[in-house]
Every structure is written in C-alpha cells, then in structure tokens.
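I opened my notebook to look up who touches whom in this fold.

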Amino acid sequence: MKVEEVLAKIEEVAPLKLSHDFCKNYGLYDNSGIIINCGNAVTGVLFCLDLTEKAVEKAISLNYNVIATHHPAIYGGISKFDLTGDPQSRALAKCMQCGISVISMHLNCDSAKYGIDYNLMKGLGGNKCEILCPLPDGGYGRVYEVEETDFSSYSKKVAKEFNTDKLLAYGNGSKKVKKVASFCGAGCDDKAIAFAQNNGVDVFVSSDMKHHEIIALLGRGINVIVLTHYASENYGFEKIYLEIKDGLKAPSSYFTQEELL
C-alpha cells in the first residue's frame, strides 16, 4: 500500500474537491492533500488532529510511516526550518528523517456530508439542519433543534459528550435550549452571528471566539458555549477515522493529545 492509497481511502468520506469548492465559493484558503511523500510502502497510519512532536513519537513507537492529520502540517509558505526553537519545524524534520509521509485533510473534512462540522452537530444533539455555507454534498455551519432542556444542564451534557473540562458557558443558566447553531473550529464571524439570529437560536457553539463576538451574541439574547478548537474537531475527525479504518490495507490507530481536550 502506498500513501496515495491512504489518501484515496480518506477521500471516500471527504473528497479533496470539497476543499477546492469551499475555497472557491467562500473565498478561503487551504492546503490539503499529501504534504510529505516519502515514497515507501505503508507500514501503518496514525490519525491525529495536528502534526506535533508527540504525534510523531507515537507513530515511531508503533512503527507507522504515515501520519494523517486534520490541520495542515504545512499551511502557508515556509521561509526556514528552525530546529532549535520551533516545534512544528522539528516535527516536520523528524518525519522526513524517519521516512514518515504526511497527509492533511482540512476543509474537506470540515465540510464533508458526514464530516467534522456534521459530527459536531450530532454530538450537540442535532439532526436535521439548515446550513450556512452549503456545498453540493456537504457544507459548513449548522442550525438545528435539540431536545429541550435548560442551558446549565445542556452545557454539562456537552462537556461530557466532548470529554472536555475546558468548556466556557456564557448566559442565563435557566434559559431553555431548543435550537442551536454550531460551527466547528474558529467559525464565529458577523455572517455566522446573523445566521444564528435570523434562525432564532438559543445557543451558539464554536471555538476561539473573541470577546466582542460573545458580547454581540449575549446582547441578542443568545447564550454561548465556547469549546476548545481541539475538542470541537477531534470529536468528528475520530468519527471519520472509525468510518474508514477497516478499509485500510495497513494497521492504523487514532492518537489524541489528552491535554488539549
């Protein structure tokens, strides 16, 4: 099995075309696909959200020579490799030194029909939805109904489902929750806020939110849950791994950096 075959297996769930369409339709940038290709036969594949030194060490310990990440291992241009101070440079260099190929599947995994944004919705209790940024076979940003409860209870349920103690909840704890808007990763902006307000949501869920965005939502009577970026996306990326792992012609594992949850 070659690294190109691993890529093809992931594309069965999250085609790279989705990333290209997402960027073209909504003015975004991405760098998904094969980032490092060492050209050797695949001994095993480690799936993880980010290319970190810990992830590389885990792959080496398992004798795996492919790492498949969600976040691009190289996002923009690289002007230098600083192995004395930059952990990302060290992780990339170690991969090349040890013959470890790297695949990154970013916006295509976010926006796939059963991708990361979809699984965030499922984890938050949603099902049928309206999509902010639709694509022919997927999309990003969702509004949906959930089983009615109070905000305090809902926040605790979310923390348990996403296995995180770093959740931030803003708003009236006794307010009823019936409708939720969610955006995996750093998905809050003016367009997302307007989408949530126009759809009459009770709770807005995303990550990496700025103070003025939280204030804007609370001022509109919308409670807010801020997950860590890692927690909001690790949940769905692992679901993608579970969907494809039995079809891989090589051993595989999923690696979670617990301290980031």
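This is a predicted model: local features need pLDDT of at least 70, side-chain atom pairs count only at pLDDT 80 or more; totals for chains, interfaces and linings use all residues.

Next I looked up the largest nonpolar core. This core has 72 residues. Tyr154 is among those that touch the most other members, along with Phe47, Ile103, Phe204 and Ile225. Which helix gives the most to this core? I found that helix 10 does, with seven residues. I also noted a second, separate core. That one has 17 residues, including Cys48, Ala73, Leu92 and Val102.

Then I turned to helix 10 and its partner. Helix 6 covers residues 116–123, and helix 10 covers residues 229–244. Their axes come within 8 Å and cross at roughly 110 degrees. Angles of 65 to 115 degrees count as roughly perpendicular, so helix 6 is roughly perpendicular to helix 10. From helix 6, I listed Ile116, Asn119, Leu120 and Gly123 in the contact. From helix 10, I listed Ser232, Glu233, Tyr235, Gly236, Phe237, Lys239 and Ile240. I sorted the residues of this contact by type: five are nonpolar, four polar and two charged.

My last entry is Ile35. Ile35 sits in strand 1, residues 33–36. I again left out neighbours within four places in sequence. Ile35 is in contact with Ala73, Ile74, Val102, Ile103 and Ser104. How far apart in space are Ile35 and Tyr75? I read 9.6 Å from C-alpha to C-alpha, with the two 40 residues apart in sequence.

How values were computed
Residues are numbered from 1 along each chain as its sequence is written. Side-chain values use heavy atoms; hydrogens and water are left out. Axes are lines fitted to C-alpha atoms, for helices over the stretch in contact, and angles run from 0 to 180 degrees between N-to-C directions. Helices (H or I, at least four residues) and strands (E, at least two) are DSSP runs, numbered from the N terminus. Angles under 35 degrees count as roughly parallel, over 145 as roughly antiparallel, 65 to 115 as roughly perpendicular and the rest as oblique. Contact means heavy atoms within 4.5 Å. Ala, Val, Leu, Ile, Met, Phe, Trp, Tyr, Cys and Pro count as nonpolar, Asp, Glu, Lys and Arg as charged, and the others, Gly among them, as polar. A nonpolar core is a set of buried Ala, Val, Leu, Ile, Met, Phe, Trp, Tyr and Cys residues joined through side-chain atoms within 4.5 Å. Buried means under 20% relative accessible area, exposed over 50%, partly exposed in between (1.4 Å probe, protein chains only).
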